[in-house]
Amino acid sequence: MAQQIAVAPMTIEGRLLMRMFRNDYSEGAAPEVLEALVRTNDEQCVGYTEGDPHCERARELIRAACGRPDADVEFCVGGTSANVIGVTGMLRDWEGVICTRDAHINVHETGAIAACGRTVLPTADADGFLTPDEAERVWRFQTSTGRHMTRPALVYITNATEIGGVWDRARFDAICDWAHSHDLRVFLDGARLASALTSDENDLTLEHIAQNVSAFYLGGTKNGLLFGEAMVICDDMLRESFPYLQKERGGLMAKGRLLGAQFEAAFTPGEKSEAPWWRYARNANACAARLRDGLVDLGFEPYGHSASNQQFFRVSASQEQALADACGCETFYVLDDDTRVVRFVTSWATRESDVDELLAFAQTLAR
């Protein structure tokens, strides 16, 4: 379990709330990351990220973890910035990106890709996993009239998916092989990649991902850092475009060392030779599994199958409101029968006692 820092309970209008399960970025920084920021606070470093010793050391650690000494490693302030730069940096004006209909770039980023003049081409896949069959259907349609339609040039996938699914190697290889057979690049959104790769159901490795995609990023915002994502770039087009797009689209931090110092701390091996970035995710996953099993035992119905730190459950409107008031969980969907799908998210800072407190409250709502 990750080292814990005492956090004051949150109150609304004087009413005491248990620890929030709303998301995995409401927490502050994990201990190693916070200590690194404090320890380096008096240093004067060059601006941005080139030549800053902490950024350079973080790059070395990340390349080693990915098994790609030839990769470029760049730093983004957050997931939307990483997605916008990564996706648009590998597309020309007339090209588009194939993704699932629930992909983050399609539903949760306020049209950021379209605002940059690029087109999102969603499939009908309904479970968060992009399939070769659906990608092929979109590809054939978009290329059926030549220059009169946006031409696909990129595939976008997310691990873990929007509803907590974890990619296995067979699925991952299938979509990468399809993309490569059609001369399409592959971009992997890794906002919760640490959770996916430490899941009990995972059989992928960071090295295998790095050998098969054009670019991906290692999420820090949702895994123990105050903010930041580390982009691993293996594609020449994105290597060239990244620094210019990062500046042009407002994603370049003058105090880049803040990103470097955090990733340096997160990827420096520590306890049992494991980098903290992995340990943070293992803690989140263990707490999520405890919560999932406990809610199922109480009679709550899961929505889909998640093996990551996000857990989704069907609840009634009254249960939805009670749970939101108590632990801040979000409503993701309202279904046709008026049942609600709520999402619980655990993090590096979640404790087993936090889960047990929520389960005790949920027991009072169980039918």
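Residues are numbered from 1 along each chain as its sequence is written. In this predicted model, local features need pLDDT of at least 70 and side-chain atom pairs count only at pLDDT 80 or more, whereas totals for chains, interfaces and linings use all residues; side-chain values use heavy atoms, with hydrogens and water left out.

A search of the whole structure for disulfides (pairs of cysteine sulfur atoms within 2.5 Å) returned zero. Cys-66 is in no disulfide, the nearest cysteine sulfur being that of Cys-234 at 7.8 Å. Cys-176 likewise is in no disulfide, and its nearest cysteine sulfur, again that of Cys-234, is 12 Å away. Accessibility was classed by relative accessible area: buried under 20%, exposed over 50% and partly exposed in between, with a 1.4 Å probe and protein chains only. Cys-66 is buried at 1%, and Cys-176 is buried at 0%.

Aromatic pairs were assigned to rings of Phe, Tyr and Trp (its six-membered ring) with centres within 6.5 Å; planes under 30 degrees apart count as stacked, over 60 as edge-to-face and the rest as tilted. The count comes to twelve aromatic pairs. Among them, Trp-277 and Trp-278 are edge-to-face because their planes stand at 80°, with the ring centres 4.9 Å apart. Both Trp-277 and Trp-278 are buried.

Helices (H or I, at least four residues) and strands (E, at least two) are DSSP runs numbered from the N terminus. Strands pair if DSSP finds at least two bridges between them. Four strands form an open antiparallel sheet in the order β10-β11-β13-β12. β10 (301-302) and β12 each have a single partner strand, so one side of each is left without a neighbour in the sheet. β12 pairs with β13 (residues 340-345) in the antiparallel sense over four bridges, and Tyr-333 stands opposite Val-341 in β13.
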